[in-house]
Amino acid sequence: MGDNVVVSNMELERLLSMKGGKGEGSYANNSQAQAIHAKSMHHLLKEALDGVQLQDPNIPFVVVDLGCSCGSNTINVVDVIIKHIIKRYDALGLDPPEFSAFFSDLPSNDFNTLFQLLPPLANYGVSMEECLAANNHRAYFAAGVPGSFYRRLFPARFIDVFHSAFSLHWLSQVPESVMDKRSSAYNKGRVFIHGASEITANAYRKQFQADLAGFLSSRSLELKRGGSMFLVCLGRTSVDPTDQGGAGLLFGTHFQDAWDDLVQEGLISSEKRDSFNIPVYAPSLQDFKEVVEADGSFAINKLEVFKGGSPLVVNQPGDASEVGKALANTCRSVSGVLVDAHIGEKLSEELFLRVERRATSHGKELLEQLQFFHIVASLSFAL
């Protein structure tokens, strides 16, 4: 794309994705931290699965991962879900049903890389126990579903378990008022809301809550009675929405400074910087709870803030250059597609080089300070 492309809100859904492929800056190679954080929450996931009402074994059991992206994490979590449900059927002395797993994300997601990572389907002519025992095989039918999870994706009363991790903090759009120079919410001089004005942050908060309301409304139609949802997204511990916690440190410090570098060096205009905003909002527990209660369809079985830890995975914590590269690659894996579209690949390369350089000079404190908190929600239908 050319250097003068500005991503409109209408284009965001078509464009937004984690960086595909298997290169150094790809999501597949920069999602180890998400894997570690997800594994640390497996006990909460299994607790939610224990509340799922088991259906007739002759009816296929359907699992969905919303916001699956293009790495192995989504495959691993589907394995955890299906193996746990099989154990529950076994404990009742019942043969387990057939399983179907849907991997869903926006159409721009790199489904090809994801499908290449899928293990081959085990032979359904053998027992389920043999399927599970077979190394590098899967015991479920798989399919991809492109589309926004803020709208309907499946037939009514079709899904037993919805899972979504590290996705709901991505908004359907940057709030229009944040991009409007005439608005008091205009986010001048910034590319994220961390440290922005309260009115700007509240515009993001309203967008998050409107999006989550759409998400819950859609799932309330698609989930089977007796089904369950397990949701994880970036969260914050501060009541102040301008303090975005770990997300703020990721996008509001060295990433922000790198954009300012491009402006000061005359590589882009300040207007070009100001027309770019990261469409992410890390909610508080209260932000999340208000929407669930207003929707009224779901009972909250669990809603808590969970400390995930650092998003940076490095072999040598004392090596500042490795820390700097890890931060730049993490930023690039989740925002690189949007940056490329906004300023072109050449300037995008310059931007992330500056992110790496700045992060390297603050390597030690980055590892200490950059900690992610997650909102964890287990929901089922209200009685």
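## A buried pair: Arg236 and Asp287

Arg236 counts as buried, at 3% relative accessibility; buried means under 20% relative accessible area, exposed over 50%, and partly exposed in between (1.4 Å probe, protein chains only). Asp287 is also buried, with a relative accessible area of 3%. The side chains of these two residues, Arg236 and Asp287, meet in a salt bridge at 3.1 Å, N to O. A salt bridge here is a side-chain nitrogen of Lys or Arg within 4 Å of a carboxyl oxygen of Asp or Glu. The pair links distant parts of the chain, 51 residues apart: Arg236 is in the loop between strand 5 and helix 9 (245-251), and Asp287 is in helix 12. Helices (H or I, at least four residues) and strands (E, at least two) are DSSP runs, numbered from the N terminus.

This is a predicted model, in which local features need pLDDT of at least 70 and side-chain atom pairs count only at pLDDT 80 or more, while totals for chains, interfaces and linings use all residues. Residues are numbered from 1 along each chain as its sequence is written, and side-chain values use heavy atoms, with hydrogens and water left out.

## Other salt bridges

The count of salt bridges comes to 19. One of them joins Lys188 and Asp274 at 3.8 Å, N to O. Lys188 lies in the loop between helix 7 (176-179) and helix 8 (198-222) and Asp274 in helix 11 (residues 270-274), so the pair ties together parts that are 86 residues apart in sequence. Lys188 is exposed at 60% relative accessibility, whereas Asp274 is buried at 2%. Lys188 and Asp274 also belong to a network of salt bridges with Asp260 and Arg273.

In another salt bridge, the closest N and O atoms of Arg358 and Asp261 are 2.8 Å apart. Arg358 is in helix 13 (residues 320-360) and Asp261 in helix 10 (residues 254-264), so this pair connects parts 97 residues apart in sequence.

Seven strands form an open sheet with the order 3-2-1-4-5-7-6 and mixed pairing. Two strands pair if DSSP finds at least two bridges between them. Strand 3 (141-146) and strand 6 (298-309) are the edge strands, each pairing on one side only. Strand 6 runs antiparallel to strand 7 (residues 372-381), and 10 bridges join them. Within strand 7, His374 is the bridge partner of Phe306.

## A helix across the sheet

Helix 12 (residues 285-295) lies across strand 5, strand 6 and strand 7, where contact means heavy atoms within 4.5 Å. Helix 12 runs at about 165° to strand 6; axes are lines fitted to C-alpha atoms, for helices over the stretch in contact, and angles run from 0 to 180 degrees between N-to-C directions.
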